[in-house]
Amino acid sequence: MATSLRTLRFDPGEIRYGRRYVWEFPIRLSHWLTVAAVIMLFWTGLYISWPQLAPSGEPWQHFVMGYVRMIHFISGYVLLISFLIRSYWFWVGNNYARSGFPFVWKASWWADLKAQALKYLKLHRGNVHLGHNAMGGLAYTIFVIGLGWFMILTGLALYSESNPGGFWSTLVGWLIPLFGGSMQLRMWHHTVAWSFVVFAVIHIYVVMFDSGHYNNGLISSIVSGFKFWEEGDLDNDRWVS
Amino acid sequence: MPVHTRPSTYDLLRAHGVDRRSFLKFCTATAAALGLEPALVPQVVAAMENKPRLPVIWLHGLECTCCSESFIRSSHLIVADIVLNMISLDYDDTLMAAAGHQAEENRKRIMKEYPGNYILAVEGNAPTKDGGVYCTVAGETFLNILQETAAGAKAVIAWGSCASNGCVQAARPNPTGARPVHELISHKAIINVPVCPPIAEVMTGVITYLLTFDKLPQLDRFGRPSMFYGQRIHDKCYRRSFFDAGQFVEQRIHDKCYRRSFFDAGQFVEQWDDDGARKGWCLYKMGCRGPMTYNSCSTFKWNEGVSFPIGSGHPCIGCSEENFWDNGPFYQRLSSVPVPGIESTPDRVGKVLATITAVGAGAHLVSYAARKASGKNSGGGDAAAVQDSKE
């Protein structure tokens, strides 16, 4: 970026490009904790539902399922903590930390959603936002926040089965009868887990495409926290503030 | 006949030739099964000795009578005896001496003589479609009989899976509209004792509790007696073993399964007659419902303590859990996704969705590459293009 800036000719005082600290540390921490936890949860979950390894010998020599479940449960707690960090930062972070939330009661949110939807329908890139645009934020809310909490809560309900009447059982155990029993809850917990694979495919493809095609340093922003903007881009984020 | 002149359980047992030693043994065993402290055994004994028997009306609805069958095959010698003697079983379709009009009169008489004092035990459930005509007793629909009898009952015990959660006859598509007792009766204390069939010791335990303490045992979310679960946290001593024996809804079959070590080790039966099956490995992959099922069968077992499904090499089908018939197939680990059109396993659904997404992303990439190769840009407002033109 610096190279291209130098080659650009613009009047002194007229700033047309810049760098801004968008993703604060807790946001990035939460992102990578979620990535790590979901990867661990998914493969251990697959093993728990259909154990493939078959160690021979006596049972006291092995603890395969035991360890896999332990990893699954620990990763589940990591995911929960990551979500709690993110929820907390929604309230105390900068405006970008709130940009992914569907502010359905705000006219500005609907305006941004409409503008973005119309551009997408015309196969246009849409307006560049440093935070999330209303449509992207909506997708994140459904995919990550909605399904993420679904997985966390149903997972905790299943986890609580080993200690009925305990803390988690009291807190989220009501989900079991709500879904018509443990078998049904298990089935949905497993099915919805695949939505993370669907999400990961879309998410990774889109950020790589965007970052590669527009050279905007999108991927590095979730490591460094900095995003680059062009003249006019900052105006698109006004709706959230 | 007023209540206090009725004989107590102990009186009747003595009359039946049960000696005091056997009686005390029974009281101790039942107290242990209930998770009671040893200090409370005298209370059980006192209740049995002094309190008049509970008048009980035992109704049979849409069911197979396996609850009653199980009942008379308990492991403790006098358990069956106790149950049949402890309570005054004044009306029971299958066990009473009276027949015809006499029998029905008996039911009406108890309802009149002990309003709000008799226990209603229900085996089976009531079909509700077409006015309940699919189950009639003495020319009356079972639905009516159930609601009429429940109105004056002190408490209702729903024996077995039929009464507690519907069982076979309520499985999809449920042609007779069979519904469990708790959905048909309101404003009544209902104790659900699901299992198909319930274990005799469990049934005795519930009745002993009602007789001794004159109140309902603590119930869990599904209305099943959870038997002092708070004690488990504090009870780390020898009593824990008594408690484990009694916590028939507090612990999954899985948690006290004798094959649990194979589960934790990751050793599973893959086929019915493979080496693992011969070695008694875990039946998890054969569809065992042990991890989701709360029951006492792995402790008490059935038929005078002979065996229970897992002990006989068959996976648990979760008969004490709600809708267990609809959670099939029985020999599949996870039930199928019940969305119309995709009767499929969760994994198959997930793989298809993931593949469609990946193909979609791939198609976009290919079209992008093609457009780039042909020298066209992918839409206006392109940052890279703007930048290029300025350089």
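Leaving aside its neighbours within four places in sequence, which residues is Gln267(B) in contact with? They are Pro55(A), Ser56(A), Gly57(A), Glu58(A), Pro59(A), His62(A), Phe262(B), Trp281(B) and Cys282(B), where contact means heavy atoms within 4.5 Å.

This is a predicted model, in which local features need pLDDT of at least 70 and side-chain atom pairs count only at pLDDT 80 or more, while totals for chains, interfaces and linings use all residues. Residues are numbered from 1 along each chain as its sequence is written, chains are lettered from A in the order in which they are written, and side-chain values use heavy atoms, with hydrogens and water left out.

Gln267(B) sits in the loop between α13 (260–265) and α14 (275–279) of chain B. Its relative accessible area is 0%, and buried means under 20% (1.4 Å probe, protein chains only). A polar atom of the Gln267(B) side chain lies 2.8 Å from the backbone oxygen of Gly57(A).

| Item | Value |
|---|---|
| Residues in the contact | 59 residues from chain B, 59 residues from chain A |
| Area buried between chain B and chain A | about 4900 Å², 59% of it on carbon and sulfur atoms |
| Salt bridges between chain B and chain A | zero |
| Residue pairs in polar contact between chain B and chain A | 17 residue pairs (both at pLDDT 80 or more) |

Buried area is the accessible area (1.4 Å probe) lost by two parts on being put together, summed over both. A salt bridge is a side-chain nitrogen of Lys or Arg within 4 Å of a carboxyl oxygen of Asp or Glu. A polar contact is a pair of N or O atoms within 3.5 Å; within protein, one must be able to donate a hydrogen and the other to accept it, and residues adjacent in sequence count only if both atoms are side-chain atoms.

Definitions and conventions:
Helix = DSSP H or I, 4+ residues; strand = E, 2+ residues; numbered from the N terminus. Buried < 20%, exposed > 50% of the residue type's maximum accessible area, 1.4 Å probe, protein only.
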